[in-house]
Amino acid sequence: MIAFGSSITEPETYERCAQKGIELAAEPDSEILAYGAAGSIFRSYNLLLDQAAKLEGLEALVLVHQDAEIVDPDFCAKARQALADPEIGLVGCVGAVGVRSIAWWEGSVTWASFAHRFSELGGGEYPAFTFAGSIRPAYAQMGEVDTIDGFVMCLAPWAIQNIRFDEGLQETIHGYDFDYCLQVREAGRKVVTTDFQVVHHHSLDLIGDPDAWVEAHMKVADKWDGRFAEVGWEGGDWKQRARRAEAMAAAAHAKTVSTQMKAEARMVGLERALDEVTSTLSWRVTRPIRWLRKRLGPAPTEPGLARITRFTGQLETDQRDADR
């Protein structure tokens, strides 16, 4: 039996995203462990692990963020296949190698079978490079990684019984997934990726609280310094200012990516609005008016007509900007 767990802070988000996906993926005998958050995500997830550890015949526990939606009807079959190797302790749909900190995207991302769906600027979606099965880069491969992204984590029974999230780090809300992966690997088990299809409903602001993220970066680096090769290490002697500078640089990079995504999403929204307007009957009917405006030169003074021409002029300006 495969169980699903989620820590809920926003019931509406859970019902719209995680619950919908769990209902799609779950089997008739699956246990659903969905509870209100008990403080930090570290504490909440440990309580879910304690509940799951009591279940008989448990094959896996899938921890799902409230804003993550599983869209894969074969999810359970893929989970069983991935966990068939007893050396595997943890499975995810996004993973990277060469990771030295909670900024896992600074490593080499080898698999990412998810889509990032956002609501800002009219909404949109960024499919990751392995979300669609048609075209994948040569470096894309499922298998062993240093860490996975924690919005969906599939834990083997061994991990449920033996590894807990470090509540000593719970003053922060970041880094729990990277720290858990390091614990699994330190205990001699593997962290791997597989082809789970998931949609992450998340803001374009990748790091909502940079100060908290920097603090988590420093704490996790301090904890693992010297315990794993290159984890928490940047060369030379560690200084507090060096740790903070590295963390701030990674946070700044994420902010840059977020800004780029917002700009692209805004362009898509403008193109969508332009298409909607120019495909309407009223747009086609008023085409002679726009033609006359260009031929006659100065904008007409009649109020209704003036509003139309100002609006069409703005659309033309937006289109020119988009073409650039």
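This is a predicted model: local features need pLDDT of at least 70, side-chain atom pairs count only at pLDDT 80 or more; totals for chains, interfaces and linings use all residues.
**View 1. Helix 7 and the glycine after it.** G226 follows helix 7, and its phi is positive, near 90 degrees. The helix itself covers residues 210-224, 15 residues in all. From first C-alpha to last it reaches 21 Å, close to the 21 Å expected at 1.5 Å a residue. Look along helix 7 for its buried residues: A212, W213, V214, A216, H217, M218, V220, A221 and W224.

View 2. Leaving aside residues up to four places away in sequence, F165 touches F42, Y45, N46, L49, L63, M153, Y176, Y180 and Q183. In soluble globular proteins, nonpolar side chains tend to be buried together.

**View 3. Cysteines without a disulfide.** Searching the whole structure turns up zero disulfides. For C76, the nearest cysteine sulfur belongs to C154 and lies 8.5 Å away, whereas a disulfide needs the two sulfur atoms within 2.5 Å. C76 is buried, at 2% relative accessible area. C181 is buried too, with a relative accessibility of 0%.

**View 4. L121 in its loop.** Here is a residue other than glycine with a positive phi, near 55 degrees. Most residues other than glycine have a negative phi. L121 sits in the loop between strand 8 (114-118) and strand 9 (124-127). With a relative accessible area of 38%, L121 is partly exposed.

Definitions and conventions. Residues are numbered from 1 along each chain as its sequence is written. Side-chain values use heavy atoms; hydrogens and water are left out. Contact means heavy atoms within 4.5 Å. Buried means under 20% relative accessible area, exposed over 50%, partly exposed in between (1.4 Å probe, protein chains only). Helices (H or I, at least four residues) and strands (E, at least two) are DSSP runs, numbered from the N terminus. The expected span of a helix is 1.5 Å times one less than its number of residues.
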